[in-house]
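The sequence and structure come next.

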Amino acid sequence: MDSKEIRRILKSNHPEGYVTSGQYQSDSYSLPYYIVATAKEGLFFYVNRRGSLDLDLHLPWAKVPDTLYLRKDKKDKTYRTKEELLLTIFVGDKEGKMVAELIEGRRKLLPWVKFPWYRKIPGYRSQVAWKMVMASMFYFFFLGMIFASALEDVEDDTKQAVKQPVVQTEAEEEPKKSDSESAKKKKAEELAAAKKAKAAEEKKKAALEKKKAEQEKKKQLAREKAKAEAKREAERKARIAAQEKAKREAAAKLAAQQEAEKKAEEEAAQKAEQEVAATTQVSFDNCDDLRTEYPNGVPSSHPAYDANMDRDKDNFACERN
């Protein structure tokens, strides 16, 4: 069951109650409860175990302490007594705020008290007298054991120091002095060698950086040269394309002009032919007369065509069979 379904069930079980999430006697949500608060019956703590919603605890108002300490967080409120934490509830929605109002309206509230540091020590948390006495006895015994063990270690070190006194003679001090000078000299030589090695390393590093800078400069120049060449090539191709386009346009224009001239000539020739035909004889008495001028006959579009001479009515007069 999801949270919405659980809240719906709880509202149906407690019509006059308000539902929120929280925890009883814990400020963590390791095992979250669904808390229902009603004005008459108090607080009900439900838990969802494997899809089953069970009532884990019923806390009537009579069992809620008269005085509570309140701590507020962004979306939670925690209530506790002097001895222990009571419950934590979620107040990030309207239902949670109503649960908080029911609790705070029936009990006296004080600000959260930060307890002294010793209240965090086991045995002193509950402020129960016999627990505090037993804890004190255990801590004193434990500290005594530590102190006694430390004393024994100090005594053993003192005895060993007495048994093995250190006696230094002038003959022993002289080699030490010589060793000290030799060590200083050796240390100075090591420092000089380290300084020299460091200078050589820095010089080598500077040479590498210079070489790297030169290589990068050459690469940059090569990139710029390639870019310029690509630009020139693109411009050359653009010029060639423009020239070819101009040639095609000129050829097309010339062809169109020639076609227009040819058409004009054909129209002029046709007009002249029509004029010539108009001046010639276009009327004949019979097919014999027509064939003297047009041996193969004439079509219906010809001026000499006469429907009376088209015996088979095929729009061609005086044709030879």
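Why does M137 count as exposed, rather than buried?

The model is predicted. M137 counts as exposed because its relative accessibility is 54%, and the cut-off for that class is over 50%. The residue is part of helix 3, which covers residues 129–163.

## The chain overall

The chain has 321 residues, and 19% of them count as buried. Its secondary structure consists of five helices and 10 strands. The accessible surface amounts to about 25100 Å², with 55% belonging to carbon and sulfur atoms.

Contacts can also be sorted by separation in sequence. Of those between residues at least 6 apart, 38% join residues at least 24 apart.

## Strand 7 and its partners

Strand 7 spans residues 85–90, and five of its six residues are buried. Strand 6, residues 76–80, runs antiparallel to strand 7 and is joined to it by five bridges. Y79 has L87 of strand 7 as its bridge partner. A hairpin of four residues leads from strand 6 to strand 7.

Strand 1, residues 18–24, also pairs with strand 7 in the antiparallel sense, over three bridges. Here Q23 is opposite T88 of strand 7.

## T81 in the loop

The loop between strand 6 and strand 7 contains T81. Is T81 buried or exposed? T81 counts as buried because its relative accessibility is 13%, and the limit for buried residues is under 20%. Beyond residues up to four places away in sequence, T81 touches P65, L68 and Y69.

## The nonpolar cores

The largest nonpolar core contains 20 residues. I35, L43, F45, Y79, L87, I89 and I103 have the most contacts inside this core. At least two of its residues come from each of strand 2 (33–38), strand 3 (42–49), strand 5 (67–72), strand 7 and helix 2 (94–106). Which element gives the most to this core? Helix 2 does, with four residues. Another core lies apart from this one; it has eight residues, including V298, M309, A317 and C318.

Both Y79 and L87 are among the residues with the most contacts in the largest core, and the two are bridge partners. L43, also on that list, is in contact with I35, V36, A37, L57, H58, L59, W61, L87 and I103, when neighbours within four places in sequence are left aside.

## W112 between strand 8 and helix 3

W112 is in the loop that separates strand 8 (108–111) from helix 3. Its relative accessibility is 28%, so W112 counts as partly exposed.

Which residues does W112 touch, not counting those up to four places away in sequence? They are Y69, L70, R71, T78 and R80. The C-alpha atoms of W112 and R80 are 8.4 Å apart in space, while the two residues are 32 apart in sequence. Y69 is touched by W112 and also by T81.

Notes
Residues are numbered from 1 along each chain as its sequence is written. This is a predicted model: local features need pLDDT of at least 70, side-chain atom pairs count only at pLDDT 80 or more; totals for chains, interfaces and linings use all residues. Side-chain values use heavy atoms; hydrogens and water are left out. Buried means under 20% relative accessible area, exposed over 50%, partly exposed in between (1.4 Å probe, protein chains only). Two strands pair if DSSP finds at least two bridges between them. A nonpolar core is a set of buried Ala, Val, Leu, Ile, Met, Phe, Trp, Tyr and Cys residues joined through side-chain atoms within 4.5 Å. Contact means heavy atoms within 4.5 Å. Accessible areas come from the Shrake-Rupley method with a 1.4 Å probe; for residues, only the protein chains shown count as cover.
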